[in-house]
Amino acid sequence: MHGPASSGWLLVALCAATGAYCLLRMRSGTREQRRAAGSEALMGFGMAAMAVPAAVYSPPGWAWPGYAVVFGLAAVHALWAARRSAHHLHHLVGAGAMVYMAVVMAGAPAHHHTGGGVPLVTGTLLLYFAGYVLLSGARLVPVAAVAGAPPAAGWGDRPELARACRLTMGIAMVAMLLAL
């Protein structure tokens, strides 16, 4: 993404840490949690790769279409998985947003970019993810407020951490769309 290098590196660190935690969540005993965590890990690491400041590293010409293909496949997978759980519709929107950003970045000059994409699409995605962040934050507060509740079996099965992970990726998506 184009923008200040310091905020780019913060996004890289945040998204990579979130992706790493999602990999830990894949060790859950619940099959649906493992599937969701796998999709979220892909999203976290993909967002980290896309957020590397352009002033530091300009990906080769094939990278952006490669991102579009990978996240296009992730969108198809999310669409298929949405038959079982409506949560995968959010994964579909996220993967679609990643495809959109990759396509926009494929057409951008290497070290400078002045406004990206179709304003209506970018604005719609910004509204969706801003709403998602607000809703996720509101859902996180009651879970964190239960201080006396015993912790779940392992790191992968802690619902408050999974929600915080999703909230983090939503915030990062808003930041990436704003920097587009």
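Modeller: His-91 has its place in helix α4 (residues 87-106). Helices are DSSP runs of H or I with at least four residues, strands are runs of E with at least two, and both are numbered from the N terminus.

Biologist: What kind of model is this?

Modeller: The model is predicted, with local features needing pLDDT of at least 70 and side-chain atom pairs counting only at pLDDT 80 or more, while totals for chains, interfaces and linings use all residues. Residues are numbered from 1 along each chain as its sequence is written, and side-chain values use heavy atoms, with hydrogens and water left out.

Biologist: Why is His-91 called buried?

Modeller: Buried means under 20% relative accessible area, exposed over 50%, and partly exposed in between (1.4 Å probe, protein chains only). His-91 has 8% relative accessibility and therefore counts as buried. Across the 180 residues of the chain, 39% count as buried.

Biologist: What does His-91 contact, leaving aside its neighbours within four places in sequence?

Modeller: With contact taken as heavy atoms within 4.5 Å, His-91 touches Ala-36, Ser-39, Glu-40, Met-43 and Ala-78.

Biologist: What makes α1 and α2 roughly antiparallel?

Modeller: The axes of α1 (residues 5-25) and α2 (residues 31-50) come within 7 Å and cross at roughly 160°. Axes are lines fitted to C-alpha atoms, for helices over the stretch in contact, and angles run from 0 to 180 degrees between N-to-C directions. Under 35 degrees counts as roughly parallel, over 145 as roughly antiparallel, 65 to 115 as roughly perpendicular, and the rest as oblique. The pair is therefore roughly antiparallel.

Biologist: Which hand does the crossing of α1 and α2 have?

Modeller: The crossing is left-handed: the near helix is turned anticlockwise from the far one by less than a right angle, whereas clockwise would be right-handed.

Biologist: Which residues in α1 meet α2?

Modeller: Among them are Val-12, Cys-15, Ala-16 and Cys-22, and their partners in α2 include Ala-36, Glu-40 and Phe-45.

Biologist: How do you know that Cys-15 and Cys-22 are buried?

Modeller: Cys-15 has a relative accessible area of 1% and Cys-22 has 0% relative accessibility, so both count as buried.

Biologist: How many disulfides are there?

Modeller: A disulfide is a pair of cysteine sulfur atoms within 2.5 Å, and by this rule the count is 0. Cys-15 is in none, as the nearest cysteine sulfur, that of Cys-165, is 9.9 Å away.

Biologist: How many helices and strands are in the chain?

Modeller: The chain has 6 helices and 0 strands.
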